[in-house]
Amino acid sequence: MVSPRTITEEKLKLLIEAGCVELNMGIQSNEDVNRNIYERYQTDEGILRIVKYINKYSDKIHAFYDFIINNPAETEKDIIKTIRLIQKFPLPFDEVSHHLVIGKGTVLFKKFLKNGIILNDHKKIYESDYHDFDRFLEQYSRKKNFFLNIIMEWTAGLHDERRIGRLPRYTQDLLEYEPFKRVMKSDRELKDFIRKAQMPKLTIDFLLDNRRFFQHNRDIVIKIHKSLPRIRYSNQQDHIF
């Protein structure tokens, strides 16, 4: 477990010499959200610099990068900026997503409460296990940035030349990807939309470019989500492809 504000290449070399094979670093979000909401003073440029020198040793150590999703204070622009930051990371690495859980009495909790962000009917969400995304899927689906947050959740897992977490890297593979095929068999609208979509393209770009379609068809998104395999990380024995 390392911090982007304190890890250095010298420390990384010492960790590898000591036998470290996995590294977990909490990035959380892009520089604007980190500074204005989490009071974490790190720049995107600095993160990319750190990620690149970690990647220099990818034959010896594997990186896991943590991000926070479902933050109601984030804007659409914020989430897209974070997704674009992740796209710049050299392969391979694991993206780990945790939905925001705010402890009572914390500075962040008081700040959100003052601004009317925490709602009483969503109280259980903020007290839940931060990995338990599926439990609150229906409630999340009613939020304005639902689809952008679900992209972050879908891309959790191993990123390599063939995949982006639980998604194939290229959109042409969506047609043969079993979870999408399963939903397309029962949903003509998704089938027609996928067939008309421009290909080939990176899956992330496709999802972002067409986010209005998915945001307005949340029932389709939920069907796809429920059809996807559970998240697999590179330190687990089996992978989704």
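**Exercise 1. The second largest pocket**

Find which element supplies the largest share of the lining of the second largest pocket.

*Solution.*
- Start with the share: α4 supplies three residues, the largest share of this lining. Helices (H or I, at least four residues) and strands (E, at least two) are DSSP runs, numbered from the N terminus.
- Know the model: it is predicted, local features need pLDDT of at least 70, side-chain atom pairs need 80 or more, and totals for chains, interfaces and linings use all residues. Residues count from 1 along each chain as its sequence is written, and side-chain values use heavy atoms, without hydrogens or water.
- Take the volume: about 180 Å³.
- Look to the centre: of 14 lining residues, the closest are Ile 86, Gln 87, His 159, Ile 164 and Arg 169.
- List the elements: α4 and β3 give two or more residues to this lining.

A pocket is an open set of 1 Å grid points where a 1.4 Å probe fits, with protein on both sides within 12 Å along at least five of seven lines; lining residues have an atom within 4 Å of a point.

**Exercise 2. The largest pocket**

State how much space lies in the largest pocket, and which element gives the most to its lining.

*Solution.*
- The space in the largest pocket is about 370 Å³.
- Its lining has 19 residues, and His 131, Asp 134, Glu 153, Arg 166 and Ile 231 are the closest to the centre.
- β3 and α13 each supply at least two lining residues.
- β3 gives the most, with four.

**Exercise 3. A residue in a loop**

Where is Lys 88 found, and is Lys 88 buried or exposed?

*Solution.*
- Find the place: Lys 88 sits in the loop between α4 (76-87) and β3 (93-99).
- Check the area: Lys 88 has a relative accessible area of 53%, so it is exposed. Buried means under 20%, exposed over 50%, partly exposed in between (1.4 Å probe, protein chains only).
- Compare with Leu 158: Lys 88 and Leu 158 are 70 residues apart in sequence and 15 Å apart in space, C-alpha to C-alpha.

**Exercise 4. Two sides of a helix**

Which residues of α10 (188-196) are buried, and what do they pack against?

*Solution.*
- Leu 190, Phe 193 and Ile 194 are buried in α10.
- Seen down the axis, the buried residues of α10 fall within an arc of 95 degrees, so they line one face of the helix. The arc is that of the directions from the axis to the C-beta atoms.
- Arg 188, Arg 195 and Lys 196 are exposed on the face of α10 turned away from the buried side.
- The buried residues of α10 pack against α9 (178-186), α11 (203-209), α12 (211-215) and α13 (218-227). Contact means heavy atoms within 4.5 Å.

Note on methods. Points joined across faces, edges and corners; volume = space filled by probe spheres on them.
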